[in-house]
Amino acid sequence: MRRFVGIILNAKYRVEKDHKDIGVIIPLDDEELKFLMTKALRRYFNALRSNEKHIKNVENYLYGTMQNLFGVWWNKQAAREYAAKHPEEEKPADNDNSGLYY
């Protein structure tokens with residue numbers, strides 16, 4: 001369990017480090033992010049259980065899953081902030097949640 005938490009934190013730090021120039025900070029106490037992390041972890045363990053994807057390295061798969069989740073979540077947050085600051089621009093139709101695990 002300790003190793004998995006470390007992998008998740010490393011993925012978070014990597015996304016923050018890769019986008020340090022634009023000030024990416026990912027708060028793990030965000031309610032939406034907690035929900036998405038839980039959902040991503042469920043999918044991760046289901047993929048391991050089903051062996052459908054023939055995962056060879058479970059730690060690398062977890063790292064990639066979490067890194068993708070944090071990147072998508074941050075992009076969605078940044079888009080919301082941009083839309084709030086620029087209301088005159090056209091908004092996406094029907095609350096587009098593409099890319100998030102809904």
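Modeller: Happy to; I will start with the ground rules and the overall layout, then go to the core, the helix packing and a loop.

The model is predicted, so local features need pLDDT of at least 70 and side-chain atom pairs count only at pLDDT 80 or more, while totals for chains, interfaces and linings use all residues. Residues are numbered from 1 along each chain as its sequence is written, and side-chain values use heavy atoms, with hydrogens and water left out.

The chain has three helices and zero strands, in the order α-α-α. Helices (H or I, at least four residues) and strands (E, at least two) are DSSP runs, numbered from the N terminus. Of the 102 residues, 28% count as buried; that means under 20% relative accessible area, with exposed over 50% and partly exposed in between (1.4 Å probe, protein chains only). Contact here means heavy atoms within 4.5 Å. Among contacts between residues at least 6 apart in sequence, 69% join residues at least 24 apart.

Now to your interior. A nonpolar core is a set of buried Ala, Val, Leu, Ile, Met, Phe, Trp, Tyr and Cys residues joined through side-chain atoms within 4.5 Å. The largest one holds 18 residues, and Ile26, Leu62, Met66 and Phe70 have the most contacts inside it. Two or more residues come from each of helix 1 (2–18), helix 2 (31–50) and helix 3 (58–85), with helix 3 giving the most, six residues.

Leaving aside neighbours within four places in sequence, Ile26 touches Lys12, Val15, Glu16, Leu33, Phe70 and Trp73.

Next, the packing of helix 3 against its partners. Axes are lines fitted to C-alpha atoms, for helices over the stretch in contact, and angles run from 0 to 180 degrees between N-to-C directions. Angles under 35 degrees count as roughly parallel, over 145 as roughly antiparallel, 65 to 115 as roughly perpendicular and the rest as oblique. The axes of helix 2 and helix 3 come within 10 Å and cross at roughly 150°, so this pair is roughly antiparallel. The contact of helix 2 with helix 3 divides into 15 nonpolar, two polar and three charged residues. In these classes Ala, Val, Leu, Ile, Met, Phe, Trp, Tyr, Cys and Pro are nonpolar, Asp, Glu, Lys and Arg charged, and the others, Gly among them, polar.

Helix 1 packs on helix 3 at about 45°, with the axes 8 Å apart; that pair is therefore oblique. By class, the contact of helix 1 with helix 3 has nine nonpolar, three polar and five charged residues.

Finally, the loop between helix 2 and helix 3 contains Asn51 and His54. Asn51 has a positive phi of about 55° although it is not a glycine, and His54 likewise has a positive phi of about 55° without being a glycine. Asn51 is partly exposed, at 42% relative accessibility, and His54 is exposed, at 58%.
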